[in-house]
Each structure stands twice: as C-alpha cells, then as structure tokens.
Amino acid sequence: MQPRNMSMSGVVDLAAVKAAGEAKAKAEQARAEAARHGGAGAVPPSALVIDVDEAGFEREVIERSAEVPVVLDFWAEWCQPCKQLGPLLERLAVEYNGRFLLAKIDVDANQLLMQQFGIQGIPAVFAVVAGQALPLFQGAAPEAQIRQTLDQLVQVAEQRFGLTGLTVDPDAEGAEGAAAAAAPARPAGPYDALLEAAAQALDANDFGGAIQAYKNVLVDDPANPEAKLGLAQAELLGRVRDMDPQAVRKAAADDPTDVQAQLAAADLDLVGGHVEDAFGRLVETVRRTGGEDRDTARLRLLELFEVIGSDDPRVTAARQALARVLF
C-alpha cells in the first residue's frame, strides 16, 4: 500500500495527477449511482470518526476524499497533547455534521504513513480533498484556530471540488449495520474489466497499455467519463515521464514561438500543480499562432481540461479565455 496524491512539495508528481483523477472519476460514478437509486444514504454520527491503518488508507481516505474532505489526525498513546487534541477534533467532526470525515492514525502502528507524510512531530493534522493531501497544523492548536482552519477547508472543498459532505442521520445509528448487510451488491458494469485493466496498467507505469485499454472502452462508449478521464491522464503521464524539466522549461523560455516547447512546458506545469500556468501558457500559444500550430495548441488545451475536469472553475475560466482569443 502506498498513499498517493501528496503534491505538497510543488515538484512534478505523476502519481498525484493520476490518483486525483481516479478519485474524481470514482466520485462522479458514485454520485451517478446514488442518483439512480434515489440519492446517497445517510450515515450515523459515529461514522464521522474512523480509525485508519496502512492497509485501509487507499479505501478509507483516498477514495472517500472524493465524497467528503478527510481530516487526518496523527497521534500516539504516549503523546499528551494528542489526548487534548483528539477529543476536540472528534467533537468538531460531529458538530460539523458531515462536512468533513475525521480519520485517526496511530503513528506507532503506521510508521510508513508517518514517513510518507513527512511528519516530524505529533499531533499533526492533515487533510485529503479529492485525493490531494495538504498540511493543516501541528500541535494542540487553540479551538478557535482549528475552527477557522476547518471552515477554510470545507469552503475550498465545496467551491473547488463540489464536495458538500455526508448526510448525517442520528436515527441511522442503530440501523447502519443491518442496512449495509441487506444492501445488494452493485452489478458489474460492461466495461469494469477493461477499466480495471487500465488502472492496473497505470499503477505499473504501463502508460501505453492503459491508453489502449481506455481507447477500447471509448470505441463502444465514447462518452464514458472514467475512460475519457483515464485516457487524458495516461497520455499526459506518458508524455512527461522521460522529460528533463529544466531543459523543457529553458526551451520554452528561450523561444515562445516554439509550439512543441510550449506544449511540453504546459504538461509539466499541470503535473506540478500549476494548473492556471499550464492553461495560460496554451491560451497564449493559441493567440500567437495560426493554422496547424494553433489547432495543435488548442487540442492539447482541451486534453488538459479533461485531466482537471469540466466542473473545475479554472477550466471554466480558461475556456472563456480560449474563446476570447479564438473569436
């Protein structure tokens, strides 16, 4: 198990792009499935605080962060400040009524997670939103400061990713286990095997295999959202895998009229988390070019839109900017 999507250093992180897109696609599938069955079910207040270990991190944190912001509380039994902060976070999780999920991680039992998050001391609190990890604070901070941080987290999750949280029903407390046991399994979709093969290829850095698997789905179902997103990701990851970032950026800076250099730099911008820079670079390339070069830059920009998602406000703004230079 390896937690993914921790783009906190600002450097190129291919796993971050891939896992964020996977989380986004899973969220879209979950919302569509819930809508077909009359909406998502409510959870009891006790389900807002969970214990997570390395084995369950992908399922309980990465995947669930596509539905609700997940706050990570790294703690240990011997840590006295943890004993003050932990109950406060648990109380706030219930008070915020599903706007975030609290995941508690015992660092003594999960040293790998502690190392991968770069934690130097505890308590340490992080958040994962739509697969993206970000540090919140370290130490037993005052409640007012914690509330302010959580308010900002909830606002960003809702405005940027459309995550409105979980529906909480106090009356569901006793019925949760029985309902889960009685719930029928979701039938396998017609493309589940191909999509799973594509995901496994991505995990193995077999971008060519992933691209072909996604294309196989799109042949029969051109509008399949997971395949469209996965194809855009796989193609992007394949392009940047062997790039020399320093050389690419120098080439783009030395010759703003070199379309291929600008395309490569935009790819690096995107996987490095500089989404607006990537979009702005390509919009400007479209503006200053014509003919085949212009169309090449425009199509690459549309591909990068697929990676981020059409509902992202940065995509909306870039579409408007593109329209202004085209028409």
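These legends accompany several close-up views of one predicted model.

Because the model is predicted, local features need pLDDT of at least 70 and side-chain atom pairs count only at pLDDT 80 or more, while totals for chains, interfaces and linings use all residues. Residues are numbered from 1 along each chain as its sequence is written, and side-chain values use heavy atoms, with hydrogens and water left out.

**View 1. The whole protein chain.** The protein chain holds 14 helices and five strands. Both are DSSP runs numbered from the N terminus: helices are H or I with at least four residues, strands are E with at least two. Of the 327 residues, 45% are buried (under 20% relative accessible area; exposed is over 50%, partly exposed in between; 1.4 Å probe, protein chains only). Take contacts (heavy atoms within 4.5 Å) between residues at least 6 apart in sequence: 70% join residues at least 24 apart.

**View 2. Strand β2 and its partners.** Strand β2 spans residues 70-75, and five of its six residues are buried. Strands pair if DSSP finds at least two bridges between them. Six bridges join β2 to strand β3 (residues 101-106), and these two run parallel. Strand β4 (residues 124-129) pairs with β2 in the antiparallel sense, over five bridges. In β4, A127 is the bridge partner of V71. Together, β2, helix α3 (residues 80-95) and β3 make a right-handed β-α-β unit. Right-handed means that, with the strands pointing away from the viewer, the path from the first strand over the helix to the second runs clockwise.

**View 3. D73 in strand β2.** D73 lies in β2 and stands opposite K104 in β3. D73 counts as buried because its relative accessibility is 1%. The D73 and K104 side chains make a polar contact at 2.9 Å (a pair of N or O atoms within 3.5 Å; within protein, one must be able to donate a hydrogen and the other to accept it, and residues adjacent in sequence count only if both atoms are side-chain atoms). Leaving out residues up to four places away in sequence, D73 touches residues including L85, L89, I105 and P123.

**View 4. Aromatic pairs.** Rings of Phe, Tyr and Trp (its six-membered ring) pair if their centres lie within 6.5 Å; planes under 30 degrees apart are stacked, over 60 edge-to-face, the rest tilted. The count is six aromatic pairs. F279 and F305 form an edge-to-face pair, 5.0 Å centre to centre with 85° between the planes. F279 sits in helix α12 (residues 275-288) and F305 in helix α13 (residues 291-308), 26 residues apart. Both F279 and F305 are buried. Ring pairs also link F57, F74, F117 and F126 into a cluster.
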